[in-house]
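Colleague: I have a model open and would like to learn how to read it. Could we go through it feature by feature?

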Amino acid sequence: MSDSAIVTPPESLVRRSLKGLRGAPPTAIVGLVIVTAYILVAALAPWIAPYGEYQVVSDMPFAPWSSENLLGTDQLGRDFLTRIIYGARNSIGIALVTTVLAFAIGGFFGIMAAALRGWADQILSRFVDAVMSIPDLILTLMLLAIFGPAVVNLILIIAVLDSTRIFRISRAAAMNVVTLDFVEAASARGEGLTWRIVHEILPNILPILISEFGMRFCFVFLMIAALSFLGVGLQPPMAEWGSMVRDNAALINMGDITPLIPAGAIALLTVGVNFVADWFLGKSSGLADDE
Amino acid sequence: MTNELSVVAAGDTVLSISDLRIEARVKDEWLEIVKGVSLTLRRGEVLGLVGESGAGKSTIGLAALGYFRAGCRLAGGSVRFGGTDLLAMPESRRRALRGTKIAYVAQSAAASFNPAKRLMDQIVEAAVTRGGMPRRDAAARAVALFRSLQLPDPERFGDRYPHQVSGGQLQRAMTAMAMICQPDLIVFDEPTTALDVTTQVEVLLSIRKAIQEHGVAVLYISHDLAIVAQMAHRVMVLRYGEAVEEAPIASIIDAPRHPYTKSLWAVRNLQGASHAATGDDLLRVEQISASYGTFKALDGIDLAVGRGQTVALVGESGSGKSTLGRVIAGLLPPDGGTLRFDGAVLPPVVRKRGKDMLRRVQIIYQSADTALNPRHSVRKILGRPLAFFHGLSGAQRERRVLELLRMVELEESYADRLPAQLSGGQRQRVAIARALAAEPELIICDEITSALDQIVQAGILTMLADLQRRLGVSYLFITHDIEVVRAIADRVVVLNKGRIVDQGAKADVLSPPFQDYTRLLLESVPEMTPDWLDRLVERRAA
């Protein structure tokens with residue numbers, strides 16, 4: 001190449017993301033629309049839900065669909081649509097908090113392990129190996145049985161168990177970056193560990209972590225739904241899609257598809273988030289392309 | 001295989017490319033990267049393709065196989081092989097020709113061999129599956145080729161795995177693989193670029209011998225005109241996908257018509273002013289030893305770098321020259337020995353060195369691609385050492401960033417760019433500016449021009465000499481390139497297998513009487529005359 005290079009003026013973040021959006025594949029757009037809709041429903045639940053979350057609106061449990069109760073009522077005579085709307089808020093909110101926590105824990109220790117190497121890496125990695133060797137669901141059930149199924153316990157247990165996977169990804173990604181000359185150049189300059197991590201390593205592994213975030217969020221979400229379905233997740237009277245499927249499962253025998261709606265809601269969100277995560281992963285794998 | 005193409009008589013045209021145009025996709029746009037190149041190649045003839053990176057040499061070389069890399073497409077022209085148009089025939093027929101009638105030798109044999117299979121299996125594969133040769137015959141022919149390529153223990157060489165032989169041997173094994181079906185045309189794409197100079201000589205000799213014995217037509221691609229001069233009859237000089245000049249080898253070296261051709265040996269023409277030793281040593285390395293695990297990389301190194309001087313540290317790969325650079329920078333603690341900087345003992349690791357000590361010694365890396373954080377703008381890259389060492393901020397820092405950019409001959413607008421938006425040479429200039437930002441007294445330059453084209457190298461070396469004159473900074477210049485040493489060094493230290501084998505003023509080390517290893521090293525550097533290799537063989541035989 002000659003000594004002249006392509007000139008691209010620096011762009012603002014907003015313009016860059018808008019430009020990125022225009023080049024997005026249709027699946028990513030669909031995914032973004034789905035995710036945005038869910039977030040809006042979750043955020044505006046008290047305003048768009050026809051009734052209160054715990055409000056018993058009918059004497060009749062399992063009431064059929066009607067003009068008062070669009071999707072009928074549940075086993076206690078609460079409005080099903082309202083429960084679904086509040087369920088979005090509870091499920092998404094808790095899954096989000098859990099995933100953020102898992103990334104904070106896993107990301108921190110993963111990058112530390114890569115940056116420090118030696119015995120610190122050995123201890124952390126072997127501990128993670130040990131935790132990962134126990135099947136997730138069984139370990140979660142066991143820990144929930146020990147500590148009790150409070151929301152805080154649920155979040156902490158799932159976050160800690162999920163952080164092992166994020167530990168591995170962030171450690172592997174950081175390992176690739178740590179060996180590059182610019183990190184060594186920072187060490188040679190005398191930069192401290194924190195500066196090296198925050199300024200040299202983190203910006204280069206962030207795209208990978210962000211795309212992974214979408215994927216992990218789905219798994220956490222499904223985990224909570226599964227636990228609730230088993231009866232050890234979110235406890236009544238909180239609305240949660242997994243437990244709503246379980247509590248109303250009997251209706252399926254009567255040819256009523258109502259209990260499939262929360263199940264469908266879970267499936268749709270998972271697909272939507274995965275579309276977006278896929279798009280991100282594709283973008284982040286080609287570091288040079290997005291610049 | 002019976003094929004009408006195999007009956008090409010000696011002296012016949014084997015390959016004729018006319019008005020070849022190839023386009024490459026760059027960000028949704030098709031750009032022409034080969035712009036109407038024509039060439040003909042006769043049986044027994046070697047044509048050299050010379051040019052710098054991005055000139056389109058490899059693209060043309062692959063087109064001679066009727067192949068285009070992913071993201072490239074044919075835009076026009078024809079490639080005729082023995083009278084038939086390669087580009088017009090179906091892919092299946094082209095595939096039948098590749099490996100049997102047209103062969104290719106890639107730059108990196110280490111990356112081209114399958115590490116999980118024995119060499120013999122890979123070398124005879126094309127002959128057995130495409131050429132229809134019985135395996136036993138193919139293996140016998142391979143052994144004959146090993147012998148003709150002067151590989152050690154030719155009978156058993158094929159039993160080894162790729163990792164069990166040296167880089168030079170692997171490159172020759174690949175040549176054997178190309179020749180096994182007795183092709184009419186072989187494309188060599190920089191076959192010795194990844195090798196050390198002393199190994200390169202052996203590989204060049206055996207490739208040349210094999211070419212002469214088999215009388216094939218050869219397209220020899222290299223960025224180094226001196227090497228092509230030893231191998232080729234004719235040379236085509238390429239630039240930006242166009243043929244700049246085509247002539248017999250002797251006339252292109254003695255009387256290049258195009259000024260660009262002359263710039264291909266720009267570094268050879270550099271004349272550095274030498275600096276007399278001022279007496280006080282800035283850096284003293286005393287009895288330094290270092291190792292990686294049980295491997296001893298450095299053994300009892302003693303050297304000194306005078307203030308304002310350039311000391312070149314020369315050696316082949318694995319000689320320990322980069323290791324010494326890392327030890328001095330405090331990145332690798334030595335096993336023993338002392339470093340003295342400006343009279344004071346330099347602590348062995350970065351952590352124990354004070355900020356001011358760190359400031360005074362800076363290091364620049366070979367590959368600016370990995371030495372600059374791809375997510376940081378040039379402003380941030382240069383601004384950090386200014387803030388870190390000198391506590392500069394705001395307008396003061398900005399002024400200094402722009403000043404540094406001017407010092408390395410870059411425009412001020414480059415401050416906003418990311419490394420990916422710069423060319424290789426510009427990136428290295430930014431890396432140099434980052435080192436200068438600390439206002440150091442010693443800069444360790446670790447092969448900083450090795451990855452760059454000649455003309456860019458010459459520009460950077462001239463700039464470094466100029467900066468030295470203005471700032472009085474000392475360089476410890478780590479390199480394997482004798483031309484670079486000639487251009488800029490005051491003193492030369494020759495390293496071999498972790499030991500210093502020779503050191504002294506440039507004039508003493510690089511002129512007779514030579515120390516043995518220095519002579520070997522100097523002899524192995526290709527000279528810009530077509531008979532260099534022949535004379536070398538004669539001298540060694542004598």
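Colleague: What pLDDT does chain B average?

Modeller: This is a predicted model, and chain B averages a pLDDT of 88, with 96% of the residues scoring at least 70. For the complex, the predictor gives an ipTM of 0.79 and a pTM of 0.81.

Colleague: Where in chain B does pLDDT stay under 50?

Modeller: The general idea comes before the case. Where pLDDT is low, predicted coordinates should not be read in detail. In chain B, pLDDT stays under 50 over residues 1-9. The model has 12 contacts beyond four places in sequence for those residues.

Colleague: Which domains does the assignment give for chain B?

Modeller: Domain 1 covers 12-263, and domain 2 is made of 280-376 + 423-504. Their centres, taken over C-alpha atoms, are separated by 36 Å. Six residues from domain 1 of chain B and five residues from domain 2 of chain B take part in the contact. On the domain 1 side, the touching residues divide into one nonpolar, three polar and two charged.

Colleague: Turning to chain A, how many helices and how many strands are there?

Modeller: Chain A has 12 helices and zero strands. Its C-alpha atoms fill a box of roughly 75 × 45 × 30 Å along the principal axes. Of its 291 residues, 37% count as buried. Take the contacts in chain A between residues at least 6 apart in sequence: 67% of them join residues at least 24 apart.

Colleague: How far does helix 4 of chain A reach from its first C-alpha to its last?

Modeller: In general, an α-helix has 3.6 residues a turn, so residues three or four places apart point the same way. Helix 4 of chain A, residues 80-116, has 37 residues and reaches 52 Å, close to the 54 Å expected at 1.5 Å a residue. Just after this helix, A:Arg117 takes a positive phi of about 55 degrees.

Colleague: Why is helix 4 of chain A described as largely enclosed by the rest of the structure?

Modeller: Helix 4 of chain A is described that way because 26 of its 37 residues are buried.

Colleague: Which residues of chain A does UniProt list for "transmembrane region"?

Modeller: The unreviewed UniProt entry lists residues 28-49, 92-117, 137-161, 217-237 and 257-277. Two of these spans can be checked against the model. Residues 92-117 of chain A are 96% helix and 0% strand, and their end C-alpha atoms lie 36 Å apart. Residues 137-161 of chain A are 88% helix and 0% strand, with end C-alpha atoms 10 Å apart.

Terms used
Residues are numbered from 1 along each chain as its sequence is written. Chains are lettered from A and ligands numbered from 1 in the order in which they are written. This is a predicted model: local features need pLDDT of at least 70, side-chain atom pairs count only at pLDDT 80 or more; totals for chains, interfaces and linings use all residues. Helices (H or I, at least four residues) and strands (E, at least two) are DSSP runs, numbered from the N terminus. A residue is buried if 20 or more other C-beta atoms lie within 10 Å of its own, exposed if 12 or fewer, and partly exposed in between; C-beta atoms are placed from the backbone. Two residues are in contact if their C-beta atoms, placed from the backbone, lie within 7 Å. pLDDT is the predictor's confidence in each residue, from 0 to 100. Domain bounds come from an automatic or database domain assignment. Ala, Val, Leu, Ile, Met, Phe, Trp, Tyr, Cys and Pro count as nonpolar, Asp, Glu, Lys and Arg as charged, and the others, Gly among them, as polar. The expected span of a helix is 1.5 Å times one less than its number of residues. UniProt positions are given in the numbering used here, feature names are shortened, and annotations may be inferred rather than shown by experiment.
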